[in-house]
Amino acid sequence: MFFSSKTKGYFVEQTEHTIVLARTSSALAPMVIEELRQCPVGDAEALSTAMQDIQAKGSPGGYMNACCGVYPARRLVRRVALELKKVKEPTYFPDLFTNQFRIEPDKYTVHIISAVDGTDYDVSKNTGKEVLFCGLPSEDIVAVQDSLLAMGFYPEQLELGSVSTLGALVDYFAFTKSKTPTLVLEIGTDMTHSYIVSSAGVEASRTIPQGLDAMVPIVQKELGLKDEESAKKLFYSNTFDFTGMGPVLVKKLLKELQSSIGFYEVQTGQSVGQILCTMLPSKLTWLDSAIATALGVGTTKLDLVPWLQSRQITVPDGVAPGGIDVRFLGLLSLMTTKPAPSHAVVAEKKD
């Protein structure tokens, strides 16, 4: 079995809808981004073409050795203010998993990091009160690795994309000296992961049990379509302008978001001033503005190139004709992560 050359860096992000790939001049900064590609999930031909375009000339066949960012449906990324007097009690964390997170502790692989700077949380030293619990079911780690291998990627390093993206945003807001708390949304098919992020760290998190598919029945009703399947195809196709219907489509989600924002603002005295949707498929990016308008806040405008330069990552002209925007944020966050980060789930080699 052959693996592609390690002299180059290869990065892959897989969301529910899109696979984004990059080749860089080296695996670690300083680096130059040499190629960027993206394709829909499930389109084997488009993926094969993208992988051929990405791999450096003269690379051996076989798996592409890559740092991979993934978003498993059952991922856990939750911010918690620990009760420091209780953390050394043997039942404290199991009770937290069972009663607050509603997960079975023995079936999950979980790591605890600082919600401020992403460093390891040390239980013995009580290193900070505000933390992020990051993890996923242990069986999902195997399933994700198998899926990546089946597509031709060897996950040399496997990360929860949510964690690396949130870390990149905290760093970006610090770099731009932004003081505005930002609502960051990962709107999936069935679930929405909501975070409030600033240069001070990840300040709030919530999982909302509704996503894009919850909008399909509303599309069917509003347009008088005969069945949900027809509504779903139309909704995801971008052949109809849904912007005018935006307020109706996001109404249920909006109630949950307003509740989260209201609680945060009462607790902190700060106002959420903008939103950023990081994982919307290209044909549904209008939802970002629809939600922002409904909430009465702005959309986040990212100028990523200067920030990347500050992290010794060079983006040559023409490498992304459409511009370096939020579509590439998750992928770029993998490049800005330091070697062997504590919050990464490192893929084990299989025989």
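This is a predicted model: local features need pLDDT of at least 70, side-chain atom pairs count only at pLDDT 80 or more; totals for chains, interfaces and linings use all residues.

Guide: Residues are numbered from 1 along each chain as its sequence is written, and side-chain values use heavy atoms, with hydrogens and water left out.

Visitor: How is a sheet read, and in what order do the six strands of the open sheet lie?

Guide: Strands of a sheet pair through backbone hydrogen bonds, either parallel or antiparallel. Helices (H or I, at least four residues) and strands (E, at least two) are DSSP runs, numbered from the N terminus; two strands pair if DSSP finds at least two bridges between them. Here six strands form an open sheet with mixed pairing, in the order 8-4-1-2-3-14. Strand 8 (153–160) and strand 14 (313–314) are its edge strands, each pairing on one side only. Strand 2 (residues 18–24) and strand 3 (residues 31–40) run antiparallel and are joined by seven bridges; Ala 22 stands opposite Leu 36 in strand 3.

Visitor: Which helix lies across strand 1, strand 2, strand 3, strand 4, strand 8 and strand 14?

Guide: Contact means heavy atoms within 4.5 Å. Axes are lines fitted to C-alpha atoms, for helices over the stretch in contact, and angles run from 0 to 180 degrees between N-to-C directions. Helix 11 (residues 329–336) lies across these six strands, running at about 140 degrees to strand 1.

Visitor: What is the order of the open sheet of three strands?

Guide: The order is 5-7-6, with antiparallel pairing. Its edge strands, each pairing on one side only, are strand 5 (76–81) and strand 6 (108–114). From one strand to the next, the twist averages 25 degrees. Seven bridges link strand 6 to strand 7 (residues 130–137) in the antiparallel sense, and Val 110 stands opposite Gly 135 in strand 7. Helix 2 (residues 92–101) packs on this sheet and touches strand 5, strand 6 and strand 7; its direction makes about 115 degrees with that of strand 5.

Visitor: Is Ser 194 buried or exposed?

Guide: Buried means under 20% relative accessible area, exposed over 50%, and partly exposed in between (1.4 Å probe, protein chains only). Ser 194, placed in strand 10 (residues 192–198), counts as buried because its relative accessibility is 2%. Leaving aside residues up to four places away in sequence, Ser 194 touches several residues, including Leu 183, Ala 204 and Leu 257. By contrast, Lys 177 counts as exposed, at 69% relative accessibility; Lys 177 lies in the loop between helix 4 (161–175) and strand 9 (182–187).

Visitor: Which residues of helix 5 are buried?

Guide: In helix 5 (residues 216–223), they are Val 216, Ile 218, Val 219 and Gln 220. Their cover includes helix 6 (228–237) and helix 7 (246–249).

Visitor: How many cavities of 30 Å³ or more are counted?

Guide: Rolling a probe the size of a water molecule over the atoms shows where empty space is left. On a 1 Å grid over the protein atoms alone, a cavity is a set of points where a 1.4 Å probe fits but cannot get out, and lining residues have an atom within 4 Å of a point. Grid points are joined across faces, edges and corners, and a volume is the space filled by probe spheres set on the points. The count comes to three cavities of 30 Å³ or more. The largest cavity holds about 60 Å³ of space, and its lining includes Ile 187, Met 215, Ile 218 and Leu 249.

Note on methods
On a 1 Å grid over the protein atoms alone, a cavity is a set of points where a 1.4 Å probe fits but cannot get out, and a pocket is an open set with protein on both sides within 12 Å along at least five of seven lines; lining residues have an atom within 4 Å of a point.
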